[in-house]
Amino acid sequence: MARAMNHKSRLLSEEALTKYRIELLVKGTVVIGPQILFTEDDLSKIDQLQAEISEEEVRQGDAGDSHNVLVKRVRVDPPGRAPSDVSGAAPRQIMELLERKDRSFAVRKILGATSDHVIRRCQMHRMPPGSFVGIHLDSASDPDFEYAVIVQLARDFEGGEFVVYPSGYEHQVFRPPFGAVLVTTCKLRHEVKPVLSGERRSLVYFCSKRSGANRRIVESSTAGT
């Protein structure tokens, strides 16, 4: 019997997971449709919990890239330190939902991992009109980031397309619907185009096989030696 996520086995059969895995391998990015990795109940729970987390404005990325996005931190991955959850019940409960065994199994299959991936960083993004995320590499934040998982939490907005720039290939433009999940390798440059109207909201988390301290500060301190 194929292993899958409880009552959603028809959506996450081994065959379906393999299809997503192959597309991720070939294209570097794959969109998993609504009601597959996260049910509407899951999304509603995330939305309720995130309301309890404080928000900050981010204008610059870790590599100096330009952003204009509102962020709520759930799990942080500071240079030179191991990942840790932000204090409070809401971040802890969001992480418990993401790390549930059946969901972790499905994500691991899509990523092609032979062992569990660790979620090193997790945060909520809110993007009203004019917001954007500039072109960047996720590995600039942590060299051990392997995949980004982006859960779409908004329905009615214009703009805000997720654009990936594969090396040697035409750029790819994605606009996942509410409840869909976009998975992309952290080795590809990408951006989120400016939001034109409405509000784009998403849950973003970064997966890695490595659970130790973020090595970015170590690598930068030894550069050129």
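**Salt bridges, pockets and surface**

Biologist: Is R75 buried or exposed?
Modeller: This is a predicted model, and its values are computed from it. R75 has a relative accessible area of 11%. The cut-off for buried is under 20%. R75 is therefore buried.

Biologist: Which residue forms a salt bridge with R75 at 2.5 Å?
Modeller: The distance is taken between the closest N and O atoms. R75 sits in strand β3, and its partner sits in strand β4 (residues 84–85). The two are 10 residues apart, and the pair links distant parts of the chain. The partner is D85.

Biologist: Is D85 buried, partly exposed or exposed?
Modeller: The relative accessible area of D85 is 34%. Buried needs under 20%, and exposed needs over 50%. D85 falls in between, so D85 is partly exposed.

Biologist: R75 also meets E99 in a salt bridge; what is the N to O distance?
Modeller: A salt bridge needs the nitrogen within 4 Å of the carboxyl oxygen. The side chains of R75 and E99 meet that limit. Their N to O distance is 3.0 Å.

Biologist: How many residues apart in sequence are the parts that R75 and E99 tie together?
Modeller: R75 lies in strand β3. E99 lies in the loop between α3 (89–98) and α4. E99 is partly exposed, at 36% relative accessible area. The pair ties together parts that are apart in sequence by 24 residues.

Biologist: How many salt bridges does a search of the whole structure find?
Modeller: Side chains of opposite charge can pair when their charged atoms come close. The search of the whole structure finds a total of 20.

Biologist: What is the volume of the largest pocket?
Modeller: Its lining is made of 30 residues. By class, 15 are nonpolar, nine are polar and six are charged. The space in this pocket is about 430 Å³.

Biologist: Which lining residues lie nearest the centre of the largest pocket?
Modeller: Strands supply part of this lining. Those giving at least two residues each include β3 (66–76), β5 (118–127) and β6 (132–136). Nearest the centre lie H67, Q123, H125, V133 and H136.

Biologist: Which element gives the largest share of the lining of the second largest pocket?
Modeller: This pocket holds about 180 Å³ of space. Its lining includes R103, V107, R108, Y205 and C207, and E99 is also one of the lining residues. The elements that give two or more residues are α4 (101–111), β5 and β14. The largest share, four residues, comes from α4.

Biologist: How many charged residues line the second largest pocket?
Modeller: The lining divides by class. Six residues are nonpolar and two are polar. The charged residues number four.

Biologist: Which residues of α4 are buried?
Modeller: Buried means under 20% relative accessible area. After α4 comes G112, whose phi is positive, near 80 degrees. Within α4, the buried residues are D102, R103, F105, A106, V107, I110 and L111.

Biologist: What is the volume of the largest cavity?
Modeller: A search of the whole structure finds one cavity of 30 Å³ or more. I150, Q152, F162, P176, L182 and R200 line the largest cavity. Four of these are nonpolar, one is polar and one is charged. The volume is about 40 Å³.

Biologist: How far apart are the C-alpha atoms of Q93 and I46?
Modeller: Q93 is placed in helix α3. Q93 is partly exposed, with a relative accessible area of 27%. Along the chain, Q93 and I46 are 47 residues apart. Their C-alpha atoms are separated by 8.7 Å.

Biologist: Which residues form a nonpolar patch on the surface?
Modeller: One member, L25, is in helix α1 (residues 14–27). L25 has a relative accessible area of 56%, so L25 is exposed. Together the patch has about 320 Å² of accessible area. Its residues are I22, L25 and V26.

Key. Residues are numbered from 1 along each chain as its sequence is written. This is a predicted model: local features need pLDDT of at least 70, side-chain atom pairs count only at pLDDT 80 or more; totals for chains, interfaces and linings use all residues. Side-chain values use heavy atoms; hydrogens and water are left out. Patches are made of residues with over 30% relative accessible area and no salt bridge: like charges are joined within 9 Å, nonpolar side chains (Val, Leu, Ile, Met, Phe, Trp, Tyr) within 5 Å. Accessible areas come from the Shrake-Rupley method with a 1.4 Å probe; for residues, only the protein chains shown count as cover. Buried means under 20% relative accessible area, exposed over 50%, partly exposed in between (1.4 Å probe, protein chains only). On a 1 Å grid over the protein atoms alone, a cavity is a set of points where a 1.4 Å probe fits but cannot get out, and a pocket is an open set with protein on both sides within 12 Å along at least five of seven lines; lining residues have an atom within 4 Å of a point. Grid points are joined across faces, edges and corners, and a volume is the space filled by probe spheres set on the points. Ala, Val, Leu, Ile, Met, Phe, Trp, Tyr, Cys and Pro count as nonpolar, Asp, Glu, Lys and Arg as charged, and the others, Gly among them, as polar.
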